[in-house]
Amino acid sequence: VKMNEDRAALILKNAEKAAQTERELNDFLAHEVRNPLAAAISATSFVSSAIYEKEPLVDEESRQSVREDIGIVKSSLQYVNDLLRSMIDMHKISSDQLTLTWSPACIRKDIFEPVVSMLYQREDNFDVQIDCSEELTILTDCIRLKQIVLNLANNSRKFVTKGFVRIGAKVVDGSVILYVEDSGPGIPVEKRDKLFDKFQSSLDSLSQGTGIGLSLCQDLAKLLNGEIVFDEDFDSGIAGCPGSRFVVHLNTGPIDLPESEDGKGRDAVSMSTGNSFPDLPKGLRILFVDDDMVLRKLFSRSVKRIAPTWDIHEASNGETAVRYVEDGDKQYDIIFLDQYMASIQKQMLGTETARELRSTGYTGIICGLSANEMEDAFLAAGANAFVIKPFPCDQEPLKAELHRILSNELDV
């Protein structure tokens, strides 16, 4: 009887803990999403009013206001998207579903330079700097380490108004450390002991700061056998801007790659990770399958900006995609498939469409799309790649994603 009572008490305790965690998550999401959405809605209202005036945007002041409001909408929605993606990654980590791919990486060329490219915005009043030798190379998961550095640098960028955001790397006592430091306002002392809590509140006055990001960075660092620490003693050297500094201890030493016979051994590391983003191949034929007409049109417009010679076709459901392929008069190099396509009748899921396409003999690239984490399901159905929606629209991230998809050709 005593054993049953203890077991019942333990079950009750675990249930209460789970309920408390769920409440904390709901409160966190309500707080973190509400503010950027409110900002986006207000900015959209201002833009709408300006556009529908009798004589809209006749002077530079009104045009500049609209540009600023559009920037608010973009950054607010990007924040919500980043938050949701981070939560998916955290779920993968907690359920041991996040797999690592270890390979040599040149820290400067494969990690830092792509991050700086993504951080750069023309209107910034501060410098984004790299402090790292050309030769420092380590064995790591390039994508996850880049994700850590980008998250930390993005946090810095939100707070800095003058001075710098600096990302660097060096070898200390035989071990490689990375750091991200800035000349921002610094982090209040009372918030420093909770920086890496899973549901840490935002640090800035608009409540759009770190949110879930630092906890995710710490989890990713631990997966890479490292850890992140906040440097309590850092000072930027700029008056009134104490700044902040996060240090990533990788707990691994540098590796020395031998030169190949043609002397290109080290350069080959950078090229192998795909961060140089050459021009996309010309004349590809694409089929984008999604029940949302707006998303189809936006995808086409975005891709045409960086691949104007691509021939892009659309379908609103899987059945139509299969028919196009079976007809034989339309051969596609890549087919993008959304998972859920609504209709008055049951439609094929994206994964079902992928299986059907493979059964017809289609050997081109299939890329699954979903707002949910469905990579394993799509790959099991015969897809070559998967992208979590929304699809990137900015040119460099979109080019990088398309190169990644094109690199996933498989023999099927």
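Is serine 183 buried or exposed? Keep that in mind as you look around this predicted model; here are a few points to follow on the structure.

1. Serine 183 sits in the loop between β5 (175-182) and α5 (213-223). Serine 183 is buried, because its relative accessible area is 1%, and buried means under 20%.

2. Now look at what surrounds this serine. Leaving aside residues up to four places away in sequence, serine 183 touches Val160, Lys162, Gly163, Phe164, Ser236, Ile238, Cys241 and Gly243. Two of these neighbours also meet its side chain through their backbones: the side chain of serine 183 reaches the backbone oxygen of lysine 162 at 2.6 Å and the backbone nitrogen of phenylalanine 164 at 2.9 Å.

3. At the start, a side-chain oxygen of asparagine 317 comes to within 3.4 Å of the backbone nitrogen of glutamate 319. Just after the helix, glycine 328 has a positive phi of about 85°.

4. Finally, turn to the surface. Met293, Val294, Leu295 and Leu298 make up a nonpolar patch there, and together they have about 330 Å² of accessible area. One of them, methionine 293, belongs to helix α7 (residues 293-306). Methionine 293 counts as partly exposed because its relative accessible area is 49%, and exposed would need over 50%.

Methods: Residues numbered from 1 in each chain as written. Predicted model: local features only at pLDDT ≥ 70, side-chain atom pairs only at ≥ 80, totals over all residues. Heavy atoms only, no water. Polar contact = N/O pair within 3.5 Å; in protein donor to acceptor, adjacent residues only side chain to side chain. Helix = DSSP H or I, 4+ residues; strand = E, 2+ residues; numbered from the N terminus. Buried < 20%, exposed > 50% of the residue type's maximum accessible area, 1.4 Å probe, protein only. Contact = heavy atoms within 4.5 Å. Patch = residues over 30% accessible without salt bridge, like charges linked within 9 Å, V, L, I, M, F, W, Y side chains within 5 Å. Areas by Shrake-Rupley, 256 points an atom, 1.4 Å probe, with all protein chains shown as cover. Salt bridge = Lys/Arg side-chain N within 4 Å of Asp/Glu carboxyl O.
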